[in-house]
Amino acid sequence: MDQIVSPVTLEANGLRVPLKDGSTAYFNYYWLRDNCPTSFDSQTRERTFDIFHQKDAPQPQTARVVEGSLEISWRGEEHVTRHTLDFLAKYAKGERRFDPADLPRKVWFADHYEKIARFSQPELMRDKALVAEWIKAMLVEGVAIINDMPDSNEGLTETARLIGHVRPTFFGEYFDVRTHIKPTNLAYTAKALELHTDTPAEDVAPGVQFLHVRANSVEGGANLFLDGAAVANDLRREHPEDFKILSETPIPYYCEHDDYDVRSRQHVIELDSHGEVSGVTISQHMADIFDLDQSFLDRYYPAFVRFGKMLQSDKYLMRFRLSAGQCIVFDNHRIVHGRAAYSATSGDRYLRGCYTDRGEMRSTYRALTTEGRFK
Ligand SMILES: [Fe+2]
């Protein structure tokens, strides 16, 4: 048997090991011991080794490379750890583990309507590969339309369940958008609905919104959608100081009525861990009175208003009309939506909606498209 033995250098807190590409990489002893393959239970796939219960800091007795693996015999315990050099190479530079759901966003503009990813609900129910395509569209473009929806409450639930659990808000698990006699919310009137993202007053506003059109025979009531990330990217390029202030300053949002008083502070422009725009939180009808330093507002308000005006530009706004049997699904932290006024006496308009979580959607995507660490 071929046996390749390469020198491993032991240092005080870690060791240096030659990798297959000819480089030498440093690894910390705690990390090497904690992530020993024997630390993980293959059935539960959870870590069963608990480094908090080790009496002493891990130190190797011996360490060497044998047959493509680093082999460490630990001092003070009867335990040998073997890490393949391929495994070590993945963690050698402190780079994040590959995430299939971390897809670059593709921003879109007013002409996107024809290009929106479209799916048929019965086909989605049958074909997991289509569900993966749907989620990919959600991650990249933030919006998709699902046609051929069953005309039932269950139809919405089973569709949402394809990507996650229904996630309640303080309004409950589902909401019905139609005209109400005593409205507690603008959505429940026939008036125009300003461009907004939903429930910004929640600590963490829901991630994915479903709007299932059950009836739409009224005059007016066009659906308005835009990509908040596209607008924020333009602001970043054209007015970097405004972008900075909107992405760094949390502002108060509220939702208050007789028996609730929900409050939060959110950034109007949200950034992801790469520093890229991930989305926006915007709602004129739920922005609380800004309790910020008044002279700071000399700078904040012009930036805020500039951004609010940009959102209304024809460059970004898709206007279209959804029909009964369609469900639009969109990223509630990115896609800004609204509605033109309609005539409540001209027919029926009924939308039923719910939310799911973005983290759970990414989880579903990873499970559908990749192997993970344990398969
Ligand atoms: Fe809304």
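1. Start with Thr199. In this predicted model, Thr199 is buried, with 23 other C-beta atoms within 10 Å; the cut-off for calling a residue buried is 20 or more, so Thr199 qualifies. You'll find Thr199 in the loop between strand S10 (193-196) and S11. Its backbone is worth a look too: phi of Thr199 is near 40°, a positive value in a residue other than glycine. For context, most residues other than glycine have a negative phi.

2. On the overall layout, the protein splits into domain 1 (9-91) and domain 2 (110-369). The C-alpha centres of domain 1 and domain 2 are 46 Å apart.

3. Now a hairpin. Strand S2 (residues 14-18) and strand S3 (residues 24-28) run antiparallel and are joined by five bridges. Gly14 has Asn28 in S3 as its bridge partner. Between the two strands of the hairpin there are five residues, and Gly22 takes a positive phi there, near 95°.

4. Next, the six-stranded sheet. This is an open sheet with mixed pairing, and the strand order reads S7-S8-S19-S11-S22-S9. Strand S7 (117-120) and strand S9 (174-177) form the edges, each pairing on one side only. Ignoring direction, neighbouring strands here are turned by 20° against each other on average. Val143 stands opposite Phe330 in S19.

5. Which helices go with that sheet? Helix H4 (residues 128-140) lies across S7, S8, strand S11 (208-216) and S19, and runs at about 150° to S7. Helix H5 (residues 153-160) packs on the sheet as well, touching S8, S11, S19 and strand S22 (349-356). The direction of H5 makes about 30° with that of S22.

6. Two packed helices are described by the angle between their axes and the distance between the axes. For helix H7 (residues 240-248) and helix H8 (residues 294-311), the axes come within 9 Å and cross at roughly 100°. H7 and H8 are therefore roughly perpendicular to each other, since 65 to 115 degrees counts as such.

7. What meets what in that contact? From H7 come Asp242, Ile245 and Leu246, and they meet Arg299, Tyr300, Ala303, Phe304, Arg306 and Phe307 in H8. By type, the residues of this contact divide into six nonpolar, no polar and three charged.

8. Last, helix H6 (residues 228-238). Which of its residues are buried? Gly228, Ala229, Ala230, Val231, Ala232 and Leu235 are. The cover over these buried residues of H6 includes both helices from the previous points, H7 and H8. Strands contribute too, including strand S13 (223-227), strand S16 (269-271), strand S17 (277-280) and strand S20 (335-339).

Terms used:
Residues numbered from 1 in each chain as written. Predicted model: local features only at pLDDT ≥ 70, side-chain atom pairs only at ≥ 80, totals over all residues. Domains from an automatic or database assignment. Pairing = 2+ DSSP bridges. Helix = DSSP H or I, 4+ residues; strand = E, 2+ residues; numbered from the N terminus. Axes fitted to C-alpha atoms, helices over the stretch in contact; angles between N-to-C directions. Contact = placed C-beta atoms within 7 Å. Parallel < 35°, antiparallel > 145°, perpendicular 65-115°, else oblique. Nonpolar A, V, L, I, M, F, W, Y, C, P; charged D, E, K, R; others polar. Buried ≥ 20, exposed ≤ 12 C-beta atoms within 10 Å, placed from the backbone.
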